[in-house]
Structures are given as structure tokens and as C-alpha cells.
There are 2 protein chains.
Amino acid sequence: MNAVREDQPLRPAPTSGFPEWLPELRMVELGWLDHIRTTFEAYGFASIETPSVEALDVLTKKGETSQEVYTLHRLQADPDDDSDARLGLHFDLTVPFARYTAQHFNDLVFPFKRYQIQRVWRGERPQAGRFREFVQCDIDVINVDRTPLYFDAEMPRIVHEILTALRIGEFRIHVNNRKILEGFFTGLGIADPVAVIRALDKLDKLGIDRVARSLSQDLKLDDAQVASCLKLAGIRGEDSSVVEEIRGLGVHSDLLAEGLSELAFVLDALADLPRGSVIADLSVARGLDYYTGTVYEGRFVEFPDFGSICSGGRYENLAGAFIRRALPGVGISIGLTRIFAKLAAEGRLPIGPKSPTQVLVAAPTTESFAAAVRTAARLRGRGIRTEVYHQPDKLQKQLRYALRKGIPYVWFPPTEEGAGHEVKALDSAEQVAADPESWAPRVGVVGATEAGG
Amino acid sequence: MNAVREDQPLRPAPTSGFPEWLPELRMVELGWLDHIRTTFEAYGFASIETPSVEALDVLTKKGETSQEVYTLHRLQADPDDDSDARLGLHFDLTVPFARYTAQHFNDLVFPFKRYQIQRVWRGERPQAGRFREFVQCDIDVINVDRTPLYFDAEMPRIVHEILTALRIGEFRIHVNNRKILEGFFTGLGIADPVAVIRALDKLDKLGIDRVARSLSQDLKLDDAQVASCLKLAGIRGEDSSVVEEIRGLGVHSDLLAEGLSELAFVLDALADLPRGSVIADLSVARGLDYYTGTVYEGRFVEFPDFGSICSGGRYENLAGAFIRRALPGVGISIGLTRIFAKLAAEGRLPIGPKSPTQVLVAAPTTESFAAAVRTAARLRGRGIRTEVYHQPDKLQKQLRYALRKGIPYVWFPPTEEGAGHEVKALDSAEQVAADPESWAPRVGVVGATEAGG
């Protein structure tokens, strides 16, 4: 029963790529999560969660991400037993959502609007700045046969509202439409437009010269085709006038016309947002194969090399892979951990207290302890987060505990017959008489989260 | 771009042991999670989350659970690359919490009171009723050198408050103290008291006869010792009078006396709870090696064979394994998924609506759609969860959508100049004039969760 072990302690170290936060940062993150959830629900999205694992054939059916999947194995499994070998941790929330929608098709009401806030995993090699586990906050709509374009515009609107309220700093949501890219490249007479999309998706990483070389050498485009592709990818604009600019390039196809009309619809529907917060950006392609129309990618203005802070798009076939129904959808995902960790590293988060407690009830003596416990219960019953100092001790020590945890008030139950309660605000050091049945903390003093009902 | 794939769909099936819920059940679960969190915070516990994985040597340092761990492997890893092979999914939240406390020792204020609501994984063989992934809701306190006994009593009080409010049905929290068991067996002259604790822990599973045989045959106890052990394990009581009953068995040791005094303290501190909600039960041992004092195990009264719904206890060495400090702690864990899934299976959960939306704004025509979007934004701005019907359509279809999703109100913006807004309550079919700047839903009509600040 000796509390100190004799053998060498393990000296735990953080595992690279698996972030964790101190309580005062976690409290900020919790406030973010609450705000995100409240906003998703304000727009009528219902919460679901899916298991952390999916069958491997579900995870690897579509997309290029199969090499990033973590598979599960029981530590003590028989070598012959491969019952777990077909399970992998999900790498995003879109594929599990599509599987969920197909599986529970008969129990859902369509359009099915869901939000999903969960951890996802990427089986990356450990390296600085790469998360192997992180939280994503997704909204998606899936409908039978046809999902109204209205939702293509609602997705970036909701994310814009959330990220603005979270004060993450200036950001832009870049919007494009894969039909424009595919239709434009087809109109140019290119046989494999998807290969060109993939090549152009690397503009940020490789730069214009290397992408141009790849287009002409690997994909055998002629010089005029390469020039047109790069011209298209260079187009940016804050409103639907970009549509005219693209038409001005003189390329024609039905798919291109369809994509342009969809992009114009989305930009027009978002015209009331502050100028520059959503921009058309014809270089955005999103690597994943499953996007077929509108695509989004949000970026910090201040950290242009940081990459995506939110992303998503429209997909036709994802849920349809699991059921003989047409179930097109559109969605967007906030990269919560990426954004949060970046702002934490930049020292830009308003760090809160180390405890949600609003009131510490002091218990100076053994005799007063029971009264302190009763007082705490009364305050708690009125919705005030209250703890009793856990043992009779010097008042100085109890005040110090409150200060160090960021607890704003210390409460003193009466110490003698006929005396009253008093409460001390630690920011002003002011101590006043208080009635446990009516006293309330000042608004704004409380740094902690306001959770639940 | 055709939405139906030509090849054979996958027909997704649920993965045994990995539960997921429909939106209307998830909404109930979310309400539970909110309530649990709010109560934990009301008592001053701060939120933390730890990664889903820990280094394998952290997970397997203590306890008997190493064979239930899932390890991670990258799907496409080189056979020579074992960089991930040392990572396992955590099987509980106590070991990660102990590691966290040791690792962040210098940044924490003690006593460190944290709650942690996360998924845990057990690498079990697939079998009916066994979860391989489930959510636990834990509170623990760790302090330097000494953790006041006050917390041993606070743990079951908080859980009692929560489970009562969640209306899970009648339950009892069984309390014991490992010092009593160890001290009693030592006092009987038994050389390996821990082996006896392990044997008695199987009373529920094996029955009294098989345990008695094991005590005498495997552990070589004489008949008087076996009889005393079984007599002790048979003691139950609703208050600290059990302490006298145990003393009456005539066994003596310092550790036994210490354990009895601790048990009496805990029972006395909880004497104000409804009679029978916390009972002393000398058969409770908790399998895990790391408990050293008070232990808890909650059970449904109605489903006696169901096993534990919450559990925990006091541990001395857990965090101390990672740092050269004495960091004793005490904690308790609510088996959220176990309880929730059981009550869902029994049809005992009050199923809510399929959507958090309070108001559906109708959009009968293309001309009225923009006005509907503006009206929805106004209601949302006042904190009312509102969605616009996603496309102009027949009113009948829009009402049907609201009814099927459990949305309580449908809003009609004015259809002509000078007319006013109207709102229809779907439960009463009453339709009245309403001002979007002042109207509010009736309290109690709203089935959805009340999240966030």
C-alpha cells in the first residue's frame, strides 16, 4: 500500500500526432464544440455518431486514402484468428455517414440532415505537424434521387457563421465546382479530364511550372490545352462575375454550362456575406474522387501555407455504393483540431480557468465542514457550480487553491450562531454578505463553459 | 455522374459489438451526456480528453486486461516498420488519466479533479451483448501524497444524483473497501489475501460452492478460514451498522480496522441519500489489481444478472507508476453505453423527435423562397432552431416532412403584400398569427436537446 513504487517509473511521453490539452485549453475547446453543435442544430441538423471502426471494404471502396487506414488487431489474438483483421478506424466521417444512411435507409426521413462530431484517424508516419488522431465536425445532407442546390449554399454559410463566432481570425472559403473543371477539360478535347483535375490539385504543392510540365509530358496535352487549363485554374473572384470570365475563355460543353450555373447559384445565394469571405477559386479541386459538383476549401488568410481548415463538397455515388438507390449528398467538415492546435500554438486562444467551479465553499474547521457541504449543495441546487474545499484547512491555503484554479468566488458559511453567509470575489477581493438562496455570480466573471440544459 | 452504381452494392451490416443509434435515440443519448457533464461540472470537475491510444507499456503496466487491448497497424505499412506496433486503444479512462496526471504534473493544480467522457475499446471476440467499443463517463480526483476520504463519499453521491435524474430505474451502488478484505484475510492468517479476493470476486459467476472448493483446494485454506471468508462476503447492509457485524466475526488486523473506519465514514457521509440506494456489500472486490481502498459497483435492481452499471474505487499506485511522486486517487465510472443500450433494448427510453428543429418555415413557391430563408434567419437569430423547407413544393408535402421528423411548428411567411406571418402547431393543428421578432415555442413542446451556451 506504499504509494511510491520502487521500480523505475515509465516517464510517459506524448505520442506524436495524438494531441491532448491541459484543462484550461480543453475548456476553450469544449466551448468551441458547444458553439458548433448549437449552430448545427439551429439549422436543423440532427446528431449521429458512428462506430470508430468500419469494415475495411467499406473504407477502401472509394477514394485514394486506403494507405492511411489504421487496422485493429487484438494484442493476444491467435495468429490464425483474423476476425478483427477486417476492421479499420475511419479516416473521415463522410464514408461512415454514407454507409449509415444506406444501412438505416428505411428508418430515416429524407432529406436526411445530420451532424457528426467525432475523432478520425490517419495512419500516417509520425512527423511534426501531422495529426494521426483529430476531431472533425461535419454536416451533410443526403436525399433520395436529388439533393437541392440550396444545400450547396447553406454549407459554407453555416461554417462561415461558426468560424466567425469562434474568432479564429480572417479566413476565406474557396468554392469551385468539379463539373466546371471536368466540363472545361472535356470541352478542350482532353480524354482524361479527371487526371488533369488531379494534376491541377497539386498546384499549391508543386507550383505552376512543375504542374505544366506534368500536363504536357505525363498527360500529353498540347501547349494550347496546357495554357487554357492553367488560365482556368488561375481564375478567382468574389462574386458570380467569374462565371462570365470563364465563359470568356471560349470553351463549351454541357457539363461546363451546368457547373457554371451551379456555381453562380451558390455565389448569388451567399452574396449577403461580408465581401471576400466566400470566393470562387477555380484551382480548388479536392483530391478525393467522390466529389462530383460543388467543392469547398476554407483557408486562413493570415497563414496561407497552413492548408485547409474546412472542406467538403457534393457527391453522387457515395451512399449509392451501399444500396440500390440514388442518394446524392453534399457536406462540409470543420477541421476542429487543426484550427484549434494552430491557434493554440500561435498563442491566440483566450485561455480560461483550470476549473469549471464558480464558487469554492471554504471549510476552515472540522466543525464547519458539514455546514460547508450543506451550503455547497444549496448553491448547486440553484445551478451554481460549487465545490467544497475538500478538507478543513488554513483559509490562506483554500484561497490560494481557488486563485490557482481560476475559481472566481470563495464562500464563507457562518462561523457562529446568528451570523450570516459571506462571499468574496477574488478579482476585486471584495467580501460581502450573501444569501445562498438568492445570490448569483456576476455575469462575465465566470470563465467556464456553460453546458447542457 | 449517374447516381446509381452498376456493380453490386456492399449491403453494409452492423459490426457486432460496435453500437450506433438512429437520430431519435442519439438525441436521448445526447441529453444524457449533457446531464452527466453538467452534473460533473456542478461539482467542480474539469473536462479532459486523452488520445484514444496509449503506448502499450502504459496500458499493460498494471492489471489483468492486457489481452483485451486492440493494437493499431497501418494497413499499408512496410513489414519491417513497427513504429505503430507499440500503440493500443485504451480499455478504460483511469489508466490514461493516471498517465496524463503524471505527464502534466507541473501544469496541474492539486487535488486535480477531472471528468472524462470518451469511448473505450475492448478487444473481445465478437459475441452477443459484449461491446467492443463503448462510452464511459468518469470522474476521478488525484492528489499529491494524500487524497481526502471526503472524495470516496462524493463519488457515489454524484453518480447517484445523475442516474436518478436520468430515470434509469431502481439501482443500488454497492460499496466495499479492499482494506477490509485484505486485512480480514490477513487477520485469518492467510498468506496470499489477494488470491482470496480474486477468488471471491467470482462468487456471482461461479456460485458459492465452486468458490468454496477453489478456496480450500487451490488456495489451501482450512475449513474455518473458508467459512469465515464466505461469512464476510455474505455481509450486506444499508448503513454503518455492518461495521459492527464484521467486528463481530472476531478477526483483527490494523488494515482491517483502517478499512472498517473508512467504510463507516463513507456510509455515514451518504446517510442522507434514500435508504437502500447505497449499500455496503462485502462481496464486492472489483477485479482490477489497482484498487487499494474503497470500491464501488452499481447494479440495476430490476436486472440483477446484468452486471455493473458503474464502478470504481481508490487506487494508490496508478499515477505513481509514471512519476516519482505519491499520487493516490479515487474515481468512479458510469457505463453509459451499457446502461443506455439495455434500456433501449427494454423499450424504456422516451424516444424523441428525429430532428432538433423547432420550426420549419414553409416555402410553397419559388417567389416565396427568399422570404422564407430571411424569416428562418430571423427566428434562428433569436435562438429558435429553424430550417427552411429546402425547395418550393406542395404545402402538404412540407407538413408531412415536419410531422415525420417530429418538428413541432410550421411557419408561413406572408404570401401577399400587407399580410402577416402565421405559425401552425402540429400537435393541436392550431394556426395563429405570429411575429418573428417576438414569437416563442411553448415550453415542453420542444423535444430536442438543449445544448451549448
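Modeller: A crossing of two helices is called right-handed if the near helix is turned clockwise from the far one, and left-handed if it is turned anticlockwise by less than a right angle. This is a predicted model, in which local features need pLDDT of at least 70 and side-chain atom pairs count only at pLDDT 80 or more, while totals for chains, interfaces and linings use all residues. Residues are numbered from 1 along each chain as its sequence is written, and chains are lettered from A and ligands numbered from 1 in the order in which they are written.

In chain B, helix α1 (residues 23–42) packs against helix α4 (residues 150–165) at an angle of about 150°, their axes lying 10 Å apart; helices are DSSP runs of H or I of at least four residues, and strands are runs of E of at least two, numbered from the N terminus. Axes are lines fitted to C-alpha atoms, for helices over the stretch in contact, and angles run from 0 to 180 degrees between N-to-C directions. The angle therefore makes α1(B) roughly antiparallel to α4(B), a term for angles over 145 degrees, and α1(B) passes α4(B) in a right-handed crossing.

Where the two meet, α1(B) brings B:His35, B:Ile36 and B:Thr39, and α4(B) brings B:Ile158, B:Glu161, B:Ile162 and B:Ala165, contact being C-beta atoms, placed from the backbone, within 7 Å. By class, the residues of this contact are 4 nonpolar, 2 polar and 1 charged (Ala, Val, Leu, Ile, Met, Phe, Trp, Tyr, Cys and Pro are nonpolar, Asp, Glu, Lys and Arg charged, and the others, Gly among them, polar).

In chain A, helix α4 (residues 150–165) lies across strands β6, β7, β9, β10, β11 and β12, running at about 15° to β12(A). These strands belong to an open sheet of 9 strands with mixed pairing, in the order β1-β5-β6-β12-β11-β10-β7-β9-β8, and its edge strands, β1 (46–47) and β8 (236–237), each pair on one side only; two strands pair if DSSP finds at least two bridges between them.

Technical notes: Angles under 35 degrees count as roughly parallel, over 145 as roughly antiparallel, 65 to 115 as roughly perpendicular and the rest as oblique.
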